[in-house]
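Let's take a walk through a protein chain together, moving from its overall build to a few individual residues. Please have a look at the sequence and the model before reading on.

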Amino acid sequence: MMDRVMAVIALLMLGAFLLVVPLFVPHIDLMIAIIGCAVLATYDMWRHLAVKRS
């Protein structure tokens with residue numbers, strides 16, 4: 001249970017960190033890279049926690 005809480009907190013902190021780039025440097029290519037990074041991190045966390053559960 002604690003692993004899931006820490007993973008969600010880490011994902012939220014990564015999201016806050018990544019949100020700074022498009023706010024201060026609003027270029028479409030950077031936004032695409034940030035979205036890709038966020039999607040990959042979310043998928044990795046989801047897969048890691050799903051494997052631990054089973």
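Predicted model: local features only at pLDDT ≥ 70, side-chain atom pairs only at ≥ 80, totals over all residues.

The protein chain contains 2 helices and 0 strands. Its radius of gyration is 13 Å, well over the 10 Å that the globule rule gives for 54 residues, so the chain is more spread out than a compact globule. You can see this outline in the C-alpha trace too, which spans about 40 × 15 × 5 Å along its principal axes. How many of the residues count as buried, as a percentage? Of the 54 residues, 11% do. The accessible surface of the chain comes to about 4,600 Å², and 78% of that area belongs to carbon and sulfur atoms.

Now let your eye move to the link between the helices. Helix H1 covers 2-24 and helix H2 covers 28-53, with Pro 26 in the loop between them. Is Pro 26 buried or exposed? Its relative accessible area is 56%, which is over the 50% cut-off, so Pro 26 counts as exposed. Leaving aside residues up to four places away in sequence, Pro 26 touches Val 21 and Met 31. For a sense of distance, follow the chain from Pro 26 to Val 51: these two are 25 residues apart along the chain, and their C-alpha atoms are separated by 37 Å.

Helix H1 supplies the largest share of the patch, with 5 residues.

Next, turn to helix H2, where Tyr 43 and Trp 46 both lie, 3 residues apart, or about one turn of the helix. The count of aromatic pairs comes to 1. In that pair, the rings of Tyr 43 and Trp 46 have their centres 6.3 Å apart and their planes at 40°, so the pair is tilted. Trp 46 is also exposed, with a relative accessible area of 55%.

Ala 7 and Trp 46 are 39 residues apart in sequence, yet their C-alpha atoms are 9.3 Å apart in space. Ala 7 belongs to helix H1, and with residues up to four places away in sequence left out, Ala 7 touches Met 45 and Leu 49. Why does Ala 7 count as buried? Its relative accessibility is 18%, and buried means under 20%, so Ala 7 falls in that class.

Technical notes:
Residues numbered from 1 in each chain as written. Heavy atoms only, no water. Helix = DSSP H or I, 4+ residues; strand = E, 2+ residues; numbered from the N terminus. Buried < 20%, exposed > 50% of the residue type's maximum accessible area, 1.4 Å probe, protein only. Contact = heavy atoms within 4.5 Å. Phe/Tyr/Trp six-rings, centres within 6.5 Å; stacked < 30°, edge-to-face > 60°. Rg over C-alpha atoms; globule rule 2.2 N^0.38 Å. Areas by Shrake-Rupley, 256 points an atom, 1.4 Å probe, with all protein chains shown as cover.
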